[in-house]
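Here is a brief report on one protein chain. Keep the structure open while reading.

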Amino acid sequence: MKAAFLIAGAGLAVAVSPWARRRYVTWGATPEEVAGALLGDDLLPDAGLISTRAVTIDAVPSAIWPWLVQMGSGRGGAYTYDWIENLFGLNMHSADEIQPQFQDLAVGDTLPLGSNGPAMRVEICEAERTLAFRSEDGAWVWIFHLCPDGARTRLISRNRITPPGGNRAVRALYDAVMAPGSLIMERRMLQGIRQRAEGLSALPDPVSAS
């Protein structure tokens, strides 16, 4: 029993260690992407928690952008674990097709985050390049950036968050829980976008096929 507690304690220590935290908040991203500035960073310059995660997609930005702009509660969903999102009342239902009614996103639009969460306001909407949201309470900025590389694209997702409360212990606990938890959901989201965009990109061009 004592050995089991020691093993569990050691596992927990590793899970919340600085090494593990770096892995949680930089999944898929290169050191250059982690250190690099993104359009929208200045929307929350003094964030206490920053994550930069990325994925390579075998598609051009124009095949990825429609999936990004239709994201949201009551819209195209988040392409992650809907059942987990909906435990928190977020009304997420991930779409498997482009939904034309949600494609006209513009700066100033606000998207609800479930029925109780703060709405997310569109702050930057540069087509096929950068989409950035900021929560109405100012505590969260979420940036999506598309970096083309030939026929492929790097999709970079950056979250900038101000953890609640001024107590250092509370902020540390929030960080320890948020870092691995957000990785589980965001990794699934990035992979979901990749799967959908690559599927769309693989469809024959209706012009050339006619």
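## A buried loop residue

This is a predicted model. Start with Q99, which is buried because its relative accessible area is 17%, under the 20% limit. Q99 sits in the loop between α5 (82–87) and β2 (110–113). Leaving aside residues up to four places away in sequence, Q99 touches Q70, R75 and G76.

## Confidence

The average pLDDT of the protein is 83. A score of at least 70 is reached by 77% of the residues.

Two stretches need care. Residues 1–15 stay under 50 in pLDDT. For that stretch the model has three contacts beyond four places in sequence. Residues 205–210 also have a pLDDT below 50. Beyond near neighbours in sequence, residues 205–210 have one contact in the model.

Helix α4 covers residues 61–69. Eight of its nine residues are buried, so the helix is largely enclosed by the rest of the structure. The buried ones are P61, A63, I64, W65, P66, W67, L68 and V69.

As a general point, nonpolar side chains in soluble globular proteins tend to be buried together. Here, the largest nonpolar core has 29 residues. Those with the most contacts inside this core are L68, L131, F144, L155 and I193. Several elements give two or more residues to the core: β1 (49–57), α4, β2, β3 (117–126), β4 (130–135), β5 (140–149) and α6 (168–202). Helix α4 gives the most, with six residues. A second, separate core has 11 residues, among them L38, I124, A132 and I156.

What does L155 touch, not counting residues up to four places away in sequence? The list is R53, A54, V55, I57, L68, F144, H145, L146, L190 and I193. Three of the names there, L68, F144 and I193, also belong to the residues with the most contacts inside the largest core.

## Salt bridges

The structure holds nine salt bridges. One of them joins R53 and E186, with the closest N and O atoms 2.6 Å apart. R53 lies in strand β1 and E186 in helix α6, so this pair ties together parts that are 133 residues apart in sequence. Are the two partners buried or exposed? R53 is buried, with a relative accessible area of 0%. E186 is buried too, at 5%. R53 is also one of the residues that L155 touches.

E123 takes part in two of the pairings. Its side chain meets that of R121 in a salt bridge of 2.8 Å, N to O. It meets the side chain of R134 in another, at 3.3 Å, N to O. E123 counts as buried at 17% relative accessibility.

A network of salt bridges links D41, R158 and R160.

## Surface patch

Which residues make the nonpolar surface patch of about 450 Å²? They are W83, L87 and F88. W83 is placed in helix α5. W83 counts as exposed because its relative accessible area is 59%, over the 50% limit.

Y79 has a positive phi of about 60°, although Y79 is not a glycine. Its place is in the loop between α4 and α5. Y79 is buried, with a relative accessible area of 2%.

N91 also has a positive phi, near 55°, and is a residue other than glycine. N91 is found in the loop between α5 and β2. At 40% relative accessibility, N91 counts as partly exposed.

Terms used:
Residues numbered from 1 in each chain as written. Predicted model: local features only at pLDDT ≥ 70, side-chain atom pairs only at ≥ 80, totals over all residues. Heavy atoms only, no water. Helix = DSSP H or I, 4+ residues; strand = E, 2+ residues; numbered from the N terminus. Buried < 20%, exposed > 50% of the residue type's maximum accessible area, 1.4 Å probe, protein only. Contact = heavy atoms within 4.5 Å. Core = buried A, V, L, I, M, F, W, Y, C linked by side-chain atoms within 4.5 Å. pLDDT = per-residue confidence, 0-100. Patch = residues over 30% accessible without salt bridge, like charges linked within 9 Å, V, L, I, M, F, W, Y side chains within 5 Å. Areas by Shrake-Rupley, 256 points an atom, 1.4 Å probe, with all protein chains shown as cover. Salt bridge = Lys/Arg side-chain N within 4 Å of Asp/Glu carboxyl O.
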